[in-house]
Structure formats: structure tokens, C-alpha cells
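Dear colleague,

Please find below the structure that I am handing over to you. A short account of the findings comes after it.

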Amino acid sequence: MIILELDIGNSRIKWRATDTTKGAAVKVGEAAGLQELKTNLSEVKPDAVRLCSVRGKTFTSSVCQWFKDSWGIEALEAKVERSSGGVTNNYEDLSQLGIDRWLAMLAAYQLAGSTCVIVDSGTALTLDILAEDGCHEGGYILPGLKLMAVSLESNTGIHLSEELPVATPEPGHSTDEAVINGNLTALLSLVKQVLQSVAEQNPSVKLFLSGGDAELLNKHIPFENKQLVRSLVLEGLAIACPVEGEGGDQL
């Protein structure tokens, strides 16, 4: 069975086609919009589709309609729940928690089975804390590295180069370096502070890093019990939207 899984984010659509008999992705890709997605999936013939989306109902509906027109498949769309996969959502208003954060937590808790901190770094950086029993203890949302830079440029007299240098926690020796390095240092400071606080209560806490800037963050976080996962959101889809007959372990 081939299952097409999609994480429709604010700026990119991440997708993979998973062969359940092999328990692995046979094709992966990214697209900016529906037309590019159609091109990417021209040779994919799934038996089922599951997805999550933070891009809005109109766009998501158009994607789902294309699946139906092309393959006769009704896509399964993940929704935030009060509890699932051992994780308890403590938001009073479930609609306030993004589906991407929820799925990342489901995947991380299935992997850790205990206290963990989940950092997903893309357009925005989200950080969530799960207790040993799977209760969500809250989290943080910040602009991601590039969005921080864009915001600073848009609201000040600072002008940045089109191609920014690779960020490091070192003091910058140009405006470009000062901005991007300052942004990285701010994000790293939050992650390290949260880890220190959680570790005081549970020294075995595990850190999960995911998203486009995960490798960069990983390089500068000297924490032993950590794991880099390419896309926790896609992993969480298998928990939130199981397909009858798929079997196997998606993680």
C-alpha cells in the first residue's frame, strides 16, 4: 500500500509517499503551491492520502479536491484532539493549538515515551514541552531565523543582503552577520533555558529537533539526549490518521 502524506505549511508543502510493505518512504519532495505539487506527484499513484494544513481552508480544499478528481481518493485530514497517542492537550480552546505542533508532539512522545521537549524550526519556531505522562505543559512560538530578519528589515532602516551568511552564535562583524547571528542566539537561548528548567525536574528529558533549521540548531545545542527527525509532523500523521490495512510502524 502506498500512502501519500502531506504537511501543508505556510510557505512550503512537504510530502512523502510511504510504502507500508517496506515501512519506508519511496519518494519525498517539497512544493510551494498546488501547481508545483501536481508536477511533483505526476508519477505517484497512492492508495490513500492523509494530510495536515495550516495554510487555510480554501487552499486545503483545492488540494483535497485535486486528489479526489485525480485518484478518486478522499484525503484524511488530521485534527487537533483532546487526547491521542498518549498525549493530553491542555489548551482550553483546542482550535488555538496548531495541527503541526500537535502532530509533532504525538510523534515525539511515541518515540520518547516520557518527558520531552519538541522544537520545530521553520518559518516559525515552535517549542513544546511534554511531561512524563504525556501531558502538554505548554510551549512557545517565535519567528524563525529568516522571518526575524525580514521583520527587522521591514520595520527599521536596516538593509540586508539577499543572501545572508550562515548563522553562528558569534558576534557579527557586519550588519548581515549581526542580524542573523543575533536571531540564532535568541532562539538557542530559549531552547537551552527550557532544557535546563525541564532537566531540573527530569534529568532524562529528551530533545527532538525538526524542521528546516533543525540541523543548524542541533550543531549549537550541546545536549546529549537529543534526536534529529526530518519531519515530526509527517511522522505524527500516521498516529492521528491511521489507514485501515496499512500495518507496520511509520516511525
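Predicted model: local features only at pLDDT ≥ 70, side-chain atom pairs only at ≥ 80, totals over all residues.

Residues are numbered from 1 along each chain as its sequence is written, and side-chain values use heavy atoms, with hydrogens and water left out.

The protein chain contains seven helices and 12 strands (DSSP runs of H or I with at least four residues, and of E with at least two, numbered from the N terminus). Its radius of gyration, taken over C-alpha atoms, is 19 Å; this is close to the 18 Å that the globule rule (2.2 Å times the number of residues to the power 0.38) gives for 251 residues, so the chain is as compact as a globular protein of that length. Buried residues (under 20% relative accessible area, with exposed over 50% and partly exposed in between, using a 1.4 Å probe and protein chains only) account for 47% of the 251 residues.

The structure holds three aromatic pairs (rings of Phe, Tyr and Trp, the last by its six-membered ring, with centres within 6.5 Å; planes under 30 degrees apart are stacked, over 60 edge-to-face and the rest tilted). One of them is the stacked pair of Phe67 and Trp71, with 5.6 Å from centre to centre and 10° between the planes. Both residues belong to helix α2 (residues 57-71), where they are four residues apart, about one turn of the helix. Phe67 counts as buried at 0% relative accessibility, whereas Trp71, at 24%, counts as partly exposed. Together with Trp66, Phe67 and Trp71 form one aromatic cluster.
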